[in-house]
Amino acid sequence: MFKTLNLKKLILSFLIPFGVAFLSEILTKNAMEEYANLASPPLSPPGVVFPIVWAVLYFLMSLSLYGIANSTALQPKKSLCYLIFGLQLFFNFAWTILFFVFGLHTFSAVWLTILIALIILNILAFYRISKASAYMLIPYLLWCIFALYLNIGIAILN
């Protein structure tokens with residue numbers, strides 16, 4: 001079902017998600033300071049947890065994307081996967097800007113709900129090509145559901 005290792009596809013699969021993460025980090029460089037100053041709901045992790053978790057999630061997203069890129073699936077199926085992946089990655093990026101740069105906590109919760117729906121669609125599309133690639137996105141989905149809880153809590157408390 002998968003071709004042999006394709007270094008070009010592997011590098012590109014890592015550059016895309018981590019490139020978006022890097023850009024997001026640049027645009028929200030004081031995010032953890034701002035997060036620490038917000039009233040947060042119970043179970044809110046300390047700010048130091050977020051970069052660690054996101055690094056793992058972006059690593060899994062990258063491997064997942066590589067699984068699709070390097071599969072032997074027909075291009076139309078791959079193209080649909082790329083479209084959904086790109087859309088959810090855009091919503092992920094934009095959420096960070098909406099929440100931290102603009103402070104739109106309530107709107108960010110709505111935006112995050114759409115992101116969660118897109119992640120579910122992403123998992124379903126990837127599953128049609130590679131179950132392993134789909135399963136690698138489940139921690140991302142779970143973290144975003146937890147992030148929605150935090151987002152709603154912060155919107156209510158602030």
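This is a predicted model: local features need pLDDT of at least 70, side-chain atom pairs count only at pLDDT 80 or more; totals for chains, interfaces and linings use all residues.

Which residues lie nearest the centre of the largest pocket?

Residues are numbered from 1 along each chain as its sequence is written, and side-chain values use heavy atoms, with hydrogens and water left out.

1. M32, F50, W54, T96 and F100 lie nearest the centre of the largest pocket, which has a lining of 27 residues. The elements giving two or more residues to that lining are α1 (7–27), α2 (31–37), α3 (49–69), α4, α5 (105–127) and α7 (138–157), helices here being DSSP runs (H or I, at least four residues) numbered from the N terminus. A pocket is an open set of points on a 1 Å grid over the protein atoms alone, where a 1.4 Å probe fits, with protein on both sides within 12 Å along at least five of seven lines, and lining residues have an atom within 4 Å of a point.

2. The space in the largest pocket comes to about 610 Å³, a volume being the space filled by probe spheres set on the grid points, which are joined across faces, edges and corners. Helix α7 gives the largest share of the lining, six residues. By class, the lining has 20 nonpolar, five polar and two charged residues, where Ala, Val, Leu, Ile, Met, Phe, Trp, Tyr, Cys and Pro count as nonpolar, Asp, Glu, Lys and Arg as charged, and the others, Gly among them, as polar.

3. The second largest pocket has a volume of about 170 Å³, and the residues that line it include K8, K9, Y82 and F85. Its lining draws at least two residues from each of α1, α3 and α4, with α1 supplying the largest share, five residues. Six of the lining residues are nonpolar, two polar and two charged.

4. In α1, the buried residues (under 20% relative accessible area, with a 1.4 Å probe and protein chains only) are S13, P17, A21 and S24, and they pack against α3 and α4. The end C-alpha atoms of α1 are 30 Å apart, which agrees with the 30 Å that its 21 residues should span at 1.5 Å a residue, the expected span being 1.5 Å times one less than the number of residues.

5. Helix α7 has 20 residues and reaches 29 Å from its first C-alpha to its last, close to the expected 28 Å. Its buried residues, among them Y140, W143 and C144, pack against α2, α3, α4 and α5.

6. The largest nonpolar core has 42 residues, of which M61, L112, L115, I119, F126, Y140 and C144 touch the most other members; such a core is a set of buried Ala, Val, Leu, Ile, Met, Phe, Trp, Tyr and Cys residues joined through side-chain atoms within 4.5 Å.

7. I97 lies in helix α4 (residues 75–101) and counts as buried because its relative accessibility is 13%. Leaving aside neighbours within four places in sequence, I97 is in contact (heavy atoms within 4.5 Å) with L27, T28 and F102.

8. L43, in the loop between α2 and α3, has a positive phi near 75° although L43 is not glycine. Most residues other than glycine have a negative phi. L43 is exposed (over 50% relative accessible area), with a value of 69%.
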